[in-house]
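Hi everyone, thanks for coming. Let's take a few minutes to look at one protein chain together.

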Amino acid sequence: MLVVEKMSLYIGREASKLWKRVYAEVVTELQLLAENWKYLLGGIIFQYIHGLAARGVHYLHRPQPLLQDIGFMLIPELGPEKGFISETVFTFIFISFALWTFHPFIFKSKKIYTVLIWCRVLAFLVASQILRVVTFYSTQLPGPNYHCREGSKLATLPPPNSVFEILFINFPRGILYGCGDLIFSSHMIFSLVFMRTYQKYGSNRLIKQLGWLVLVIQSFLIIAARKHYTVDIVVAWYTVNLVVFFIDKKLPEMPDRSSGISSLLPLSTKDKDGKTKEENHKLLNGNSGEPQDRRQRTQVNGKILDDGHANTTMMNGG
């Protein structure tokens, strides 16, 4: 009976701590969301634009015999009944990364802000997707997927009856059975952006190593499922890595919370201006703002001395 009471007290205490932690994190993230919602909204809207572009190129797709591909020669074909395997791996990657970005709401040890990490992720995604749209509209390759081949009713789309038919993208069928948006792989864009982000801000070395291994396996599975040509995967690997590398240098660095000072938020523009004015005011009053410099100063014979102690030789004019 005593053990049960102690367990109840322990569970109640821990639940209270967890609730306080979640509440504090929600307040912090809401402040960041109020400052950065435009970036998040812009990135989310572009995901729709990217889907719209992929739907549009399907109207231009014309099924033809498959192109000669070294990956198709070396990697055994999974077949249409096992094509779900690559999608399962991608879903696992997506959900795992999304859950990790929300871990600051639960765990004590935290290194990231959820809002800020998604701002960076969406910036990487948008830049990569812009390059992707330009690429697959430049040259339409015959789709290697089973529903994009000659003889399939889904390989071509009839002209749209209305603008709404295009705008609604025939979701979700239009997303699952698209053709023509090949170079370079959208699945690999998401996976590589997620992995590069975790590589920088994640803390578990084993997960990082396993993550890159899973990405390599996913690359082979996509080719084996004949969802993309090998070139679509190869181009994604070097393009997305370069995009993340250069854009990450341009973005402001995210505050590190691993030092334990998790309550400190990144300074907004107003905060920075206020802090600058305060520092200037201190300098005008003869204070540098540093604790060791906040000492009483006395002026003797035109010279400022610390702590009011005048050198006797200076007072005698020496």
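Where is the place of His 228? His 228 lies in the loop between helix H8 (205–224) and helix H9 (230–250); helices here are DSSP runs of H or I with at least four residues, strands are E runs of at least two, and both are numbered from the N terminus.

Before we go on, this is a predicted model, so local features need pLDDT of at least 70, side-chain atom pairs count only at pLDDT 80 or more, and totals for chains, interfaces and linings use all residues. Residues are numbered from 1 along each chain as its sequence is written, and side-chain values use heavy atoms, leaving out hydrogens and water.

Back to His 228. With a relative accessible area of 7%, His 228 is buried (buried is under 20%, exposed over 50%, partly exposed in between, using a 1.4 Å probe and protein chains only). Its side chain makes a polar contact of 3.0 Å with the side chain of Asp 232. By polar contact I mean a pair of N or O atoms within 3.5 Å; within protein, one must be able to donate a hydrogen and the other to accept it, and residues adjacent in sequence count only if both atoms are side-chain atoms. The His 228 side chain also reaches the backbone oxygen of Leu 182 at 3.3 Å.

Now find Thr 197, in helix H7 (residues 186–201). Is Thr 197 buried or exposed? Thr 197 counts as buried because its relative accessibility is 3%. Setting aside residues up to four places away in sequence, Thr 197 touches Phe 97, Ile 117, Val 121, Phe 124 and Gly 202, where contact means heavy atoms within 4.5 Å.

Finally, zoom out: the protein chain has 11 helices and 2 strands, and 37% of its 318 residues are buried.
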